[in-house]
Amino acid sequence: MAKVRRMFPGGNTSEGFYSYHKYITKDTPKRMFILKGGPGSGKSTIMKQIGQKFYKKGYCIEYHHCPSDSDSVDGIVIVDADIAVIDGTAPHMIDPIMPGLLDEIVDLGKYIDESKVTKNKDVILKAKHENKSSYRSAYSFFSAGREILNEIAENNKERMEFGKVNKISCEILEEIFKDKKTYLEVGNARHLFNRALTPQGLTDYTETLINDIEYIYYLKGDYGTGKSTLLRRVSEEATLRGYDVEVFHQPLIPQKINSIVLPQLSLLIITDEIDVKIQREVIDLDDYLKEKIDLVESYNIFECLIGKGIEYLKNAKANHDILEKYYHEAIDFDGIEKEKEKLIEKINILI
């Protein structure tokens, strides 16, 4: 049965733009088509239309959304066929590794009328500068927000009974893998984002990722209580036992994990509450705080900083929209449409 899953391969984080784009596909996909072209050249539209076409044919589709505009996509994967179409332009530059064998470039830039772009050079350069400046400001506020979270986490760590948390971790591992087969080969870990800070706010696609999930562990707990560490332990144990793991990272602090999916075990472990009717077990790590302190003021400051960062993401998108407008006017869309049809024909032959 055809399914649609949505996620983010990159994120606007406290460290700037953070990319997990190399995990969109397997190490050696059957074929990857890399779209090149400027803003407004139709890359996202082409990918979404191809995704819709093959979904209607019964294929499972992954949409890898853009954190700079959650309505756009940076890539699609036709999962059953192991074929991907990906935006290979900045800030996630992707180039072919084995051209003509595993991947190829589709150049949409050749359909830009440079004379029309040149007429609007000053407006385009100004929008590009404002776009870059807005991102710099957004990331500064996100970085400041992270410092607040670090302080919250340190305050909680001083009050945590981590011996009891370790015991709970061992019990969860035992519960998950009891009577489960251990394979000879190590499993694969795939790293992505299920949530992202976008111009539209915090955008969450978790519910699209759990079509085949039968059981959920919900980890509650404040920052510093050990949730990400526990998730990492489960992920490492799973891959050692030969199970594949989808590791979804926090939108603000990309090294930290906020959920993992074990597809072969139909299992999700998550730190964010989601409203789904799936059997679940709640584990509240706040129970192991020796003392709870009032952190409301710190969280209010944090929310203010993140909100300000999102405002700058909106400014960045507004300026990107200006770029798209002027490039859009200079593009031969009949040529773009022909490229899309050729791409669909190639995919049909491969499938």
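This is a predicted model: local features need pLDDT of at least 70, side-chain atom pairs count only at pLDDT 80 or more; totals for chains, interfaces and linings use all residues.
Residues are numbered from 1 along each chain as its sequence is written, and side-chain values use heavy atoms, with hydrogens and water left out.

**Stop 1: the sheet that starts with β1**

Select the strands β1, β5, β6, β7, β4 and β8, which in that order make an open six-stranded sheet with mixed pairing. Strands here are DSSP runs of E with at least two residues, helices are runs of H or I with at least four, and both are numbered from the N terminus. Two strands count as paired if DSSP finds at least two bridges between them. β1 (4–7) and β8 (103–107) are the edge strands, each with a single partner, so one side of each has no neighbour in the sheet. From one strand to the next, the twist averages 25°; angles run from 0 to 180 degrees between N-to-C directions, with axes fitted as lines to C-alpha atoms, for helices over the stretch in contact.

Now color β6 (69–78). Nine of its ten residues are buried, where buried means under 20% relative accessible area, exposed over 50% and partly exposed in between, using a 1.4 Å probe and protein chains only. On one side, β5 (residues 61–66) runs antiparallel to β6 and is joined to β6 by six bridges, and a hairpin of two residues links β5 to β6. Show isoleucine 61 and you will find isoleucine 78 of β6 opposite. Isoleucine 78 also stands opposite isoleucine 83 in β7, and β6 and β7 pair in the antiparallel sense over four bridges.

Stay with the β6–β7 hairpin, which has four residues between its strands, and select aspartate 82. Aspartate 82 has a positive phi of about 60° although it is not a glycine. Most residues other than glycine have a negative phi.

Next, move to β4 (residues 31–36), which pairs with β7 in the parallel sense over five bridges. Isoleucine 34 has isoleucine 86 in β7 as its bridge partner.

**Stop 2**

How do α1 and α7 pack? Helix α1 (residues 43–56) and helix α7 (residues 333–350) meet at an angle of about 40°, with axes 11 Å apart. That makes α1 oblique to α7: under 35 degrees counts as roughly parallel, over 145 as roughly antiparallel, 65 to 115 as roughly perpendicular, and the rest as oblique. To see the contact, show side chains including Ile46, Ile50 and Phe54 of α1 and Ile336, Leu343 and Ile347 of α7.

**Stop 3: the sheet that starts with β9**

Select β9, β13, β14, β15, β12 and β16, in that order another open sheet of six strands with mixed pairing. Its edges are β9 (189–192) and β16 (279–284), each with a single partner strand, so one side of each is left without a neighbour. Neighbouring strands are turned by 15° against each other on average, direction ignored.

Zoom in on β14 (residues 257–262) and β15 (residues 267–270), an antiparallel pair with four bridges. Isoleucine 260 has isoleucine 269 in β15 as its bridge partner. Helix α5 (residues 227–240) packs on the sheet, touching β9, β12 (215–220), β13 (245–249), β14 and β15, and makes about 25° with the direction of β14.

Select serine 266 in the loop between β14 and β15. Is serine 266 buried or exposed? Serine 266 is buried, with a relative accessible area of 14%, and its phi is positive, near 50°.

**Stop 4: two more residues**

On helix α5, pick threonine 229, which is partly exposed at 41% relative accessible area.

Finish at glutamate 207, in the loop between β11 (201–204) and β12. Glutamate 207 is partly exposed, with a relative accessible area of 48%. Not counting residues up to four places away in sequence, glutamate 207 touches Asp275 and Val276. Select arginine 5 too: its C-alpha is 8.7 Å from that of glutamate 207, although the two are 202 residues apart in sequence.

Definitions and conventions. Contact means heavy atoms within 4.5 Å.
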